[in-house]
Amino acid sequence: MFEATPGSLTDRGESRTLGAVSGTGKSRIVAMACMAAALTIGCTDRHAANGGRAPETQVSIQNTGSDTLVNLALAWAERYMSLNPQVSISVTGGGSGTGIASLINGTIQIANASREMSGEEIAQAEKNGITPVRFTVALDAIAVVENPHNPVQGLTLGQLSNIYTGKLKKWASVGGEQRPIVLLSRESNSGTYVYFLEQVIRGGVAKDTSLFAPETLLMPSSEGISSEVRQNPNAIGYDGLGYVTSDQKVVAVARTPEGPYVLPSAGTVLDQSYPISRPLYMYTAGKPAGAVKEYLDWVMGEGQQIVAGVGFVPLKGKGG
Amino acid sequence: MKRRRHFSEFAVETLIRILGFSTIAFVLLIFLFLLREGLPVFFEVPPGTLFSAHWYPTYGIFGTLPLILGSILVTLVSIVIALPLGVATAVFVREVAPAWAREILKPIIEVLAGIPSVVLGFFGMTFVAPLVRQVLGAPTGLTAFTGALVLAYMALPTVISVAEDALDSVPKSYRDAGLAMGATRWQTIWRVVVPAARSGILTAVMLGMGRAIGETMAVMMVTGNAGVLPTSLASLFQPVRTMTATIAAEMGEVARGSTHYHALFGIGIILFVLTFLINLAAASAIFQKKRRGGLR
């Protein structure tokens, strides 16, 4: 059964929700299970809120996309539905590409994305008479992790780039022990992979055509990375801050060799002293109106209070 | 009464016929689908690139060679491990073990076949991989060898039960003749019974290989999935990326109709052809066995 839908292997939420069972979790099933739970909560609250009155007209919002965002989107949807029982929001994962494709095809109202839409995708959407509108809903720091026994405390972006392109092969050359470096990455279709390649390995230079070294181990899940980092003193990996467990050591990152070396946190992402962070988006089909607009306003306002609890960074000045 | 029975017989016969033909039709349709989705890649990507040494699908580099060699390396090594273990177990179960031990062993071996591959993969990732790293002193435990170990374990039940069947079909008179000639029990088993069953054992190996090369989940979890070209014996103790793991890992978010999409189906075709050849070899071994009554 786990082999049937390979798409879900790229899910980032799995290690927290399915954990030890597989390390190859199923965002969709998780999402659905949570959905079911969310709906149940929504229903109970609806009865309470209406106090026996006839239910108001139901509004339903379809929300699909990024596996990075799926846990956060679910948390928002659950909270919002308990506050507004007449609205039902269904959240599914599947990846940024999946969400954007569904938005283009007009089957959903909100797409979650951990990257911006490409020019090609926007052109496709406009051909279908849909103008996508982008909203930044949260920030995400990408943490660089290593084994707790590794003495290396900090790395510069340049060193990270040289490590991941295979130019530096020994921990000794960045101030560590005489050990080989084992590179860990997420699979190539993950938005995090693309971000890390473009912003860290290529240093944001568009003309740079560097790639991950072929020796890079592409792990199918966050659990794959954390399990290897936990056991192997040679390993280095990266992942969203919300997915880093306490048995991995987070490396401080600096823009230049002079420093400062900064650890990722909500504070350092917001004041932009931590160099590897990215915005997370929700796209709507056209300017949002009605229930979708109300929901997005809530997400970017009051909804920011629950962002930190799910392991992401709330928008500036909005966090609780 | 008689007519009704005729009718029901006709109905059942037709039903069985339809089911039989539809199985063939489904296989054909799947193959056609695979061809339709996969063949374009052989035109979109020049053959020189398609069989080059680097696989960076997100950036338009589709070199399938490391994936093909990765799959072959892991499969071959797994069979090299599984064959002696499997045949020895089959010999023990069929020839040596007392009846009560056989009664216990056979169901246990069948249970072994029922362990889901994710479970084995998880076991491999958390237990076998660190062991391989510590014992061999490799930089990481996620290597082709770890994958081969897990695959060998998965292929074992197939190898054991098919090899046991082969031993079972060796006539009792052979054993009696061997013992009557003054051969010891060991000599009879090793020089008479096993050689007589060798085409069946070959089938066991082929079926085990077929199981191993198509395995996805466990392999993806323990081989490290690094697209490095395995060039020497040392590659065995380095990470590799197999064809199945590549398809499983990348199919999820690939855009329908893109070159990457066609390339994944192209890998599917290559895998299909390889598995087909292995099965063909297994089938011809069975055929040989029938013709020669299990003996040369």
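Hi everyone, let's start with one residue: B:Ile189 touches B:Val91, B:Glu95 and B:Val194, leaving out residues up to four places away in sequence. Touching here is a contact, where the C-beta atoms of two residues, placed from the backbone, lie within 7 Å.

Before going on, a word on what we are looking at. This is a predicted model, in which local features need pLDDT of at least 70, side-chain atom pairs count only at pLDDT 80 or more, and totals for chains, interfaces and linings use all residues. Residues are numbered from 1 along each chain as its sequence is written, while chains are lettered from A and ligands numbered from 1 in the order in which they are written.

Back to our residue. B:Ile189 lies in helix 9 (residues 185-196) of chain B. Helices (H or I, at least four residues) and strands (E, at least two) are DSSP runs, numbered from the N terminus. Is B:Ile189 buried or partly exposed? It counts as partly exposed, because it has 19 C-beta neighbours inside 10 Å. The cut-offs are these: buried takes 20 or more other C-beta atoms within 10 Å of the residue's own, exposed takes 12 or fewer, and partly exposed is in between, with C-beta atoms placed from the backbone. For a sense of distance, B:Ile189 and B:Pro130 are 59 residues apart in sequence and 39 Å apart in space, C-alpha to C-alpha.

Now let's step back to the whole of chain B. It has 13 helices and two strands, and its C-alpha atoms fill a box of roughly 70 × 70 × 35 Å along the principal axes. Of its 296 residues, 43% count as buried. If we take contacts between residues at least 6 apart in sequence, 76% of them in chain B join residues at least 24 apart.

How confident is the predictor here? Chain B averages a pLDDT of 87, and 94% of the residues score at least 70; pLDDT is the predictor's confidence in each residue, from 0 to 100. The model as a whole scores ipTM 0.77 and pTM 0.75.

Chain A next. Its secondary structure comes to 10 helices and 10 strands, and buried residues make up 50% of its 320 residues. Of the contacts in chain A with a separation of 6 or more, 70% are between residues 24 or more positions apart.

Please find strand 4 (residues 132-146) of chain A. Which strand is joined to it by nine bridges? That is strand 10 (residues 277-285) of chain A, and the two run antiparallel. Two strands pair if DSSP finds at least two bridges between them. Along this pairing, A:Ala141 stands opposite A:Ser277. Strand 4 of chain A is also joined by five bridges to strand 8 (residues 235-240) of chain A, again antiparallel, and there A:Ile142 has A:Gly240 as its bridge partner. Three bridges link strand 4 of chain A with strand 9 (residues 249-254) of chain A, also antiparallel, and A:Glu146 stands opposite A:Lys249 there.

While we are in chain A, look at helix 8 (residues 222-231). It is mostly covered, with eight of its 10 residues buried; among them are A:Glu223, A:Ile225 and A:Val229.

Now to the nonpolar core. Such a core is a set of buried Ala, Val, Leu, Ile, Met, Phe, Trp, Tyr and Cys residues joined through C-beta atoms within 7 Å. The largest one has 150 residues, of which B:Val159 and B:Ala163 touch the most other members. Helix 7 (residues 144-168) of chain B gives this core its largest share, 17 residues. B:Val159 touches B:Ala82, B:Leu83, B:Gly86, B:Ala204, B:Val205 and B:Gly208, not counting residues up to four places away in sequence.

A:Gln272 has a positive phi of about 60° although it is not a glycine, and it sits in the loop between helix 9 (266-270) and strand 10 of chain A. B:Asn225, also not a glycine, has a positive phi near 55° and lies in the loop between helix 11 (217-222) and helix 12 (243-250) of chain B.
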